[in-house]
Amino acid sequence: MSDLRDLYQEVIFDHNRHPRNFGKLEEANRFAAGHNPLCGDRLNLYLKVEDGVIVDARFEGVGCAISTASASLMTERLKGMRVDEAEVLYGRFHELLTGSAAADDTASLGKLNVLLGVKEYPARVKCATLAWHTLHAALGDQEKTVTTE
Ligand code: ZN
């Protein structure tokens with residue numbers, strides 16, 4: 001597993017050890033659960049949406065360092081973001097990680113760029129995208145339980 005050590009950059013390490021926005025959000029009005037069977041990552045995502053704006057976001061779950069850091073970084077970024085902007089960000093993040101977007105489109109991701117390192121490890125890409133698939137489910141009308149498989 002030593003090749004994975006490069007992935008655990010300072011930010012990812014920090015967000016895994018001290019996840020931001022961790023815990024249940026009682027006043028949430030959007031919810032979805034995500035599962036990545038490949039790695040065993042599970043998370044529940046809670047959003048509070050008012051007038052098309054995500055005013056609060058929290059998550060809880062059990063997963064590897066990358067899935068936890070991704071959810072932590074994502075919830076941090078989502079607060080104050082419009083729902084349509086969040087959907088655009090979801091799409092861009094997913095495209096960048098799965099390789100279908102131009103590499104020069106990374107500036108808009110800001111801090112989320114630290115997660116793009118997992119591109120080198122295809123098996124871990126789903127760990128990084130799990131929170132985002134769960135976000136997409138929470139914002140949409142589809143099934144509220146998503147799986148990466
Ligand atoms: Zn994982």
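Biologist: Hi! Where does threonine 68 lie?

Modeller: Threonine 68 lies in helix H2; helices here are DSSP runs of H or I with at least four residues, and they are numbered from the N terminus. Before we go on, this is a predicted model, where local features need pLDDT of at least 70 and side-chain atom pairs count only at pLDDT 80 or more, while totals for chains, interfaces and linings use all residues. Residues are numbered from 1 along each chain as its sequence is written, and side-chain values use heavy atoms, with hydrogens and water left out.

Biologist: Thanks! Is threonine 68 buried or exposed?

Modeller: Threonine 68 counts as buried, because its relative accessibility is 11%. Buried means under 20% relative accessible area, exposed means over 50%, and partly exposed is in between, using a 1.4 Å probe and protein chains only.

Biologist: And which residues is threonine 68 in contact with?

Modeller: Leaving aside neighbours within four places in sequence, threonine 68 is in contact with His15, Asn16, Pro19, Phe59 and Gly63. Contact means heavy atoms within 4.5 Å.

Biologist: How do H1 and H2 pack, then?

Modeller: H1 (residues 10-17) and H2 (residues 65-78) pack at an angle of about 90 degrees, with their axes 8 Å apart. That makes H1 roughly perpendicular to H2; the label covers 65 to 115 degrees, while under 35 is roughly parallel, over 145 roughly antiparallel and the rest oblique. Axes are lines fitted to C-alpha atoms, for helices over the stretch in contact, and angles run from 0 to 180 degrees between N-to-C directions. On the H1 side the contact is made by Val11, Ile12, His15 and Asn16, and the H2 side includes Thr68 and Leu73.

Biologist: What about H3 and H4, at what angle do they pack?

Modeller: H3 (residues 83-98) and H4 (residues 122-139) pack at about 155 degrees, with their axes 10 Å apart. They are therefore roughly antiparallel to each other. Among the residues that meet are Phe93 in H3 and Trp132 in H4.

Biologist: New topic! Which residues coordinate the zinc ion?

Modeller: The zinc ion is coordinated by Cys39 (SG), Asp41 (OD), Asp41 (OD), Cys64 (SG) and Cys127 (SG), at 2.2 to 2.6 Å. Donors are N, O and S atoms within 2.8 Å of the metal (3.2 Å for Na, K and Ca), and water is not among the atoms, so sites may look incomplete. In sequence, the donor residues are spaced C-x1-D-x22-C-x62-C.

Biologist: Do cysteine 39 and aspartate 41 count as buried or partly exposed?

Modeller: Cysteine 39 counts as partly exposed, at 35% relative accessibility, whereas aspartate 41 counts as buried, at 1%.

Notes: Helices (H or I, at least four residues) and strands (E, at least two) are DSSP runs, numbered from the N terminus.
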